[in-house]
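Hi,

Here is the structure I said I'd pass along. Have a look at it first, and my notes on the pockets follow below.

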Amino acid sequence: MRPIPLLLALVLGGAVALAKEKPPVIHRIPLPPRPAFSDLDWLIGEWTGKTTGKSPEGEVSLTVILDLDKRFMILRGQVTLAGTPTLVESKETWLGVLSQERPGEGFVLRVFSDTGFVSRYRVTVNAGTLSLNPEGGEHPPPGWLFRRTLQRTGVGEMLETVQVAPPQKPFFDYYAAKLTRAASPIAAPTPPVPSGLCPGPGPP
């Protein structure tokens, strides 16, 4: 019996087998580039205001944030309008998701309303003005069309105008509102840690 050569053969055989094993394959999904929201940065914040001019009396609020790794802009709005001889009193809360349709192309906005409607808008940006033009959607108001503009009129100031077209009718001015942006809250400074102590959890 020659146990030592046999053991050596087993060790060499195992090394050859390990050498022949392929490294694990790592699968990665390439991510699209982040949308260029730089022309829309002025929108971010909390806005409130009232209707103006010949519009029905009412109040408008809008909150805009970037979410999901700054790949989407989320808009949350509420509109309350008094009734007129030709329009009923209304109150609507809505949520919009603004995204880039394809890298390097324009923006689209999908709006979900507490009325149950889901609409889609083509968004164009030109010199501080956003124009939202209807492009259907999963469940838009049947036959009705809404278009909206958000115009930056100054630092922390915006004019929102909304036009509506009933079925088979031309657009008319629905309302206009002047909005102002709330000042960003100032974060309280973190108190210094005394020398020789480490921050940790408080008492139970």
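What volume does the second largest pocket have? About 210 Å³, where a volume is the space filled by probe spheres set on grid points joined across faces, edges and corners. A pocket here is an open set of points on a 1 Å grid over the protein atoms alone, where a 1.4 Å probe fits, with protein on both sides within 12 Å along at least five of seven lines; lining residues have an atom within 4 Å of a point.

Bear in mind that this is a predicted model, and totals for linings use all residues, whatever their pLDDT. Residues are numbered from 1 along each chain as its sequence is written.

Back to that second largest pocket: 15 residues line it, and Lys54, Ser55, Asp173, Tyr174 and Tyr175 come closest to its centre. S9 and S10 each give two or more residues to the lining (strands are DSSP E runs of at least two residues, numbered from the N terminus). S10 gives the most, with 5 residues.

The largest pocket comes in at about 780 Å³. Of its 32 lining residues, Glu92, Pro141, Phe146, Val164 and Tyr174 are the closest to the centre. Strand S4 (90–100) is one of the elements that give two or more residues to this lining, and S4 supplies the largest share, 4 residues.

Cheers

Key. This is a predicted model: local features need pLDDT of at least 70, side-chain atom pairs count only at pLDDT 80 or more; totals for chains, interfaces and linings use all residues. Side-chain values use heavy atoms; hydrogens and water are left out.
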